[in-house]
Amino acid sequence: MSSGDANNNQRPRVGLALSGGVARGNAHIGVLRVLEENNIPVDYIAGTSAGALVAGGYAAGLSINELADIAHSLRWRDVGRVTLSRLGIQSNARMEEFARARLPVKRFEETRIPLAIVATDLHSGAAVMMTEGDIAFAIRASSALPGWYVPVTDEHGRQLVDGGLVANIPTAAVRILGADIVIAVDVNSEGAKFLSTPHSIIGVILQSIMVVQRTAALHQLHDADVVIRPRTGHIRWDEMGRADELIHLGEQAARSTIERIKHLLEPTVEPPVKWYQRRRRQEPQEDKRRVSPLR
């Protein structure tokens with residue numbers, strides 16, 4: 001084994017958790033670009049909703065430039081079409097077709113990086129972590145916004161909808177995959193600066209969803225070692241035509257945290273213990289510190 005292989009085995013394993021955020025998810029591409037430029041390894045990756053598309057593409061072998069090309073070309077007509085179903089206004093089957101046509105490999109078992117995609121079981125309300133089978137199907141399920149898109153039924157008969165309902169920032173998923181260090185990317189951290197006090201039913205619904213997601217995100221971000229927060233609050237979730245700006249915002253946010261990430265990846269080497277320190281270390285020391293319950 002070479003010294004490089006030995007160092008690789010000794011370093012902590014890095015997991016990347018990409019949040020949902022519809023068009024704002026393009027910021028994830030900028031984050032990945034900066035991580036690659038700084039030789040930050042990504043050993044595991046998980047995504048929810050828009051983050052699922054970026055995570056799935058990257059794990060399947062798409063380059064940063066190829067992901068950016070997809071971001072520039074993707075439009076709403078590629079995601080869904082009107083349906084007569086009573087369960088939703090549109091079907092997002094086109095999203096599955098769009099993803100499958102562009103992914104270098106089609107199944108989780110074939111990806112270059114271990115991948116997890118998160119959806120929500122509509123019946124139980126539980127998070128569904130998908131790590132095997134068809135990637136394009138998982139991306140579609142994770143992106144099926146309830147009420148707008150028809151729920152997607154899997155091979156177990158479960159009706160799956162957008163993973164953002166229960167795990168918009170899938171930090172737990174990359175921990176389960178095996179990550180020692182989790183980098184979370186939250187493209188919704190600024191909320192929606194363009195929204196004022198709601199004056200309609202749909203406005204109240206949108207604001208309510210945001211409140212629920214932000215509350216859940218507090219717990220999900222607690223499981224992250226580093227959080228990257230692209231400043232996207234001025235951009236609406238449906239503005240797919242602003243891909244370049246969103247990618248740039250992702251780059252900016254990642255650069256502001258890159259030194260902290262590098263520090264976490266540095267091996268910690270303890271200095272050798274001197275002979276006169278050994279006995280002192282063995283003797284139990286009384287802990288006289290006073291710990292505040294509010295700290």
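Guide: Helices here are DSSP runs of H or I with at least four residues, strands are E runs of at least two, and both are numbered from the N terminus. Val-226 sits in strand β10. This is a predicted model: local features need pLDDT of at least 70, side-chain atom pairs count only at pLDDT 80 or more, and totals for chains, interfaces and linings use all residues. Residues are numbered from 1 along each chain as its sequence is written, and side-chain values use heavy atoms, with hydrogens and water left out.

Visitor: How many helices and strands does the protein chain have?

Guide: By those rules, 11 helices and 10 strands.

Visitor: Why does Val-226 count as buried?

Guide: Buried means under 20% relative accessible area (exposed is over 50%, partly exposed in between; 1.4 Å probe, protein chains only). Val-226 has 1% relative accessibility, so it counts as buried. In the protein chain, buried residues make up 47% of the 295 residues.

Visitor: Which residues are in contact with Val-226 beyond its sequence neighbours?

Guide: Contact means heavy atoms within 4.5 Å. Leaving aside neighbours within four places in sequence, Val-226 contacts Val-182, Ile-183, Ala-184, Thr-257, Arg-260, Ile-261 and Leu-264. Take Arg-260: 34 residues along the chain from Val-226, with 7.8 Å between the C-alpha atoms.

Visitor: What makes Ser-143 buried or exposed?

Guide: Its relative accessible area is 14%, so Ser-143 is buried. Ser-143 belongs to the loop between α6 (135-142) and β7 (152-153). Outside the four places on either side in sequence, Ser-143 touches Ser-49, Ala-50, Asn-92, Tyr-149 and Asp-162.

Visitor: How do you know how far helix α2 is enclosed by the rest of the structure?

Guide: Count its residues. Of the 11 in α2 (residues 27-37), 8 are buried, so the helix is largely enclosed. The buried ones are Ala-27, His-28, Ile-29, Gly-30, Val-31, Leu-32, Val-34 and Leu-35. They pack against β1 (14-18), α3 (50-60), α4 (64-73), β9 (181-185), β10 (226-228) and α10 (243-265). After α2 comes Asn-39, with a positive phi near 55°.

Visitor: What makes a set of residues a nonpolar core?

Guide: The members must be buried Ala, Val, Leu, Ile, Met, Phe, Trp, Tyr or Cys, joined through side-chain atoms within 4.5 Å. The largest core has 64 residues; Leu-16, Ile-45, Ile-117, Met-130 and Ile-261 touch the most other members. Another core lies apart from it, with 16 residues, among them Tyr-44, Val-118, Ala-167 and Val-174. Back to Ile-261: its contacts, leaving aside neighbours within four places in sequence, are Leu-35, Ile-40, Ile-183, Val-226 and Ile-228.

Visitor: Why is a space called a pocket and not a cavity?

Guide: On a 1 Å grid over the protein atoms alone, a cavity is a set of points where a 1.4 Å probe fits but cannot get out; a pocket is an open set with protein on both sides within 12 Å along at least five of seven lines. Lining residues have an atom within 4 Å of a point. The second largest pocket is lined by 14 residues, with Met-130, Glu-132, Gly-133, Glu-155 and His-156 nearest its centre.

Visitor: Which strand supplies the largest share of the lining of the second largest pocket?

Guide: β6, with 3 residues.
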